[in-house]
Amino acid sequence: MPKQDVLFVLTIDTEEEWLWDDEFPQHDCSVKNVAKLPDFQTFCASLGIRPTYFVDYAVANDTTGSKILSQFAKENAAEIGAHLHPWCNPPYFGKTTEAESHVINLPIEQVEQKLDALTDIIYHNIGVHPQSFRSGRWGINGQTLSLLASKGYKVDSSVYPFYKNDFFSCLGAPGSPYFPSFENALSPSSQRSLLELPVSAGFNIKNFKLGENIHDTLSQPPFSWIKSIGVLWHSKLLRKIYLSPELTKSEDMTTLVDQCLAKQHPVIHMYLHSSSLIDGATGLLNVEDAFTRICKRIENLVSHLETKANVRFCTISEAKVLLSNLPTKDSVIKLKEVS
């Protein structure tokens, strides 16, 4: 049986580092992690990966960070997208609360002003007009999608499948690329100016919808009181998996990829945070030599994927171009030969 064709996209939220339990930093953000980007880019190139760096204001405003990323762009070795962290992205509208740290919860007028400032500094310091976007802390709504399209953005990647918190929900969103409605960001529509390309996520069972329903139910009282989700995870009966080498071990990532391929997903989309490339910076990956751990997991996943599919590596905006010509069902991208 011939292998199916699939695109592989790697996106990196390129941002300041701080312990997430602390207050949101506004000024004088630490971006020491950008020193790791040249080595990481060299590693990606060794595998054939051309990553997409979603760059936030703190990094774009940093001399070292902007110089490094500018060189990547000049060499056409990577794509530079935009990543909006409300707390460190001017203009400022007071102290950022937990709710306001999510772009989806800001008034659209504030989002527009912050987006303009971010787009401008990426252009002036890195030399690129970004065409791809990811919101800080995930989540997106129709108003913001419409705003992005009006500003010339072509791809959004703010939908975090199978996730919800006290401030927004992505439950029910398609797991494959789709053209989102500007009325409801989680629903496909007929517009073709902006593509939503979610990260790869799912479960270690074939029926993702069933997995989502079970996981959501057991995450709420009274089931959450007895840690039902943890019991299912450790027993391997049900695991929610995100394709991220800072969150997920190689074995679980390969399980997820196999499920995605079985579902004919046209894109395998991995993500990580640049801040995880240095040890102990965020509390997300508390291991020694996190850089090596992350790279090894990526290498393992790519090696596994290449045994199962014909892989084409591309940036996220390149994926949009390739996918736009494929057939859709209810405006969700369907897989056929990608050439």
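Of the contacts (heavy atoms within 4.5 Å) in the chain between residues at least 6 apart in sequence, 72% join residues at least 24 apart. The model is predicted: local features need pLDDT of at least 70, side-chain atom pairs count only at pLDDT 80 or more, and totals for chains, interfaces and linings use all residues. Residues are numbered from 1 along each chain as its sequence is written, and side-chain values use heavy atoms, with hydrogens and water left out.

**Overall form**
- The chain holds ten helices and twelve strands; helices (H or I, at least four residues) and strands (E, at least two) are DSSP runs, numbered from the N terminus.
- A compact globule of 339 residues would have a radius of gyration near 20 Å, and the 19 Å of the chain agrees with this; the radius is taken over C-alpha atoms, and the globule rule is 2.2 Å times the number of residues to the power 0.38.
- The C-alpha trace spans about 50 × 50 × 45 Å along its principal axes.
- Buried residues (under 20% relative accessible area, against over 50% for exposed and in between for partly exposed; 1.4 Å probe, protein chains only) account for 57% of the 339 residues.

**Nonpolar cores**
- A nonpolar core is a set of buried Ala, Val, Leu, Ile, Met, Phe, Trp, Tyr and Cys residues joined through side-chain atoms within 4.5 Å.
- The largest has 88 residues, and Phe8, Phe40, Tyr53 and Ile298 have the most contacts inside it.
- Helix α9 (residues 290-308) gives the most to this core, with eight residues.
- Apart from this core lies another, of 13 residues, including Leu7, Val9, Ile316 and Leu322.
- Not counting residues up to four places away in sequence, Ile298 touches Phe40, Phe43, Leu47, Ile49, Pro245, Met270 and Leu272.

**Helix α2 and Ala60**
- Ala60 belongs to helix α2 (residues 57-60).
- Ala60 counts as buried because its relative accessibility is 0%.
- Leaving aside neighbours within four places in sequence, the contacts of Ala60 are Val55, Ser66, Ile121, Ile122, Asn125 and Ile126.
- Between Ala60 and Glu318 there are 258 residues in sequence and 22 Å in space, C-alpha to C-alpha.

**Helix α5**
- In helix α5 (residues 142-150), the buried residues are Gly142, Thr144, Leu145, Leu147 and Leu148.
- These buried residues pack against α4 (108-126), β4 (132-135), β5 (155-156) and β6 (195-196).
- Gly152 follows α5 and has a positive phi, near 95°.
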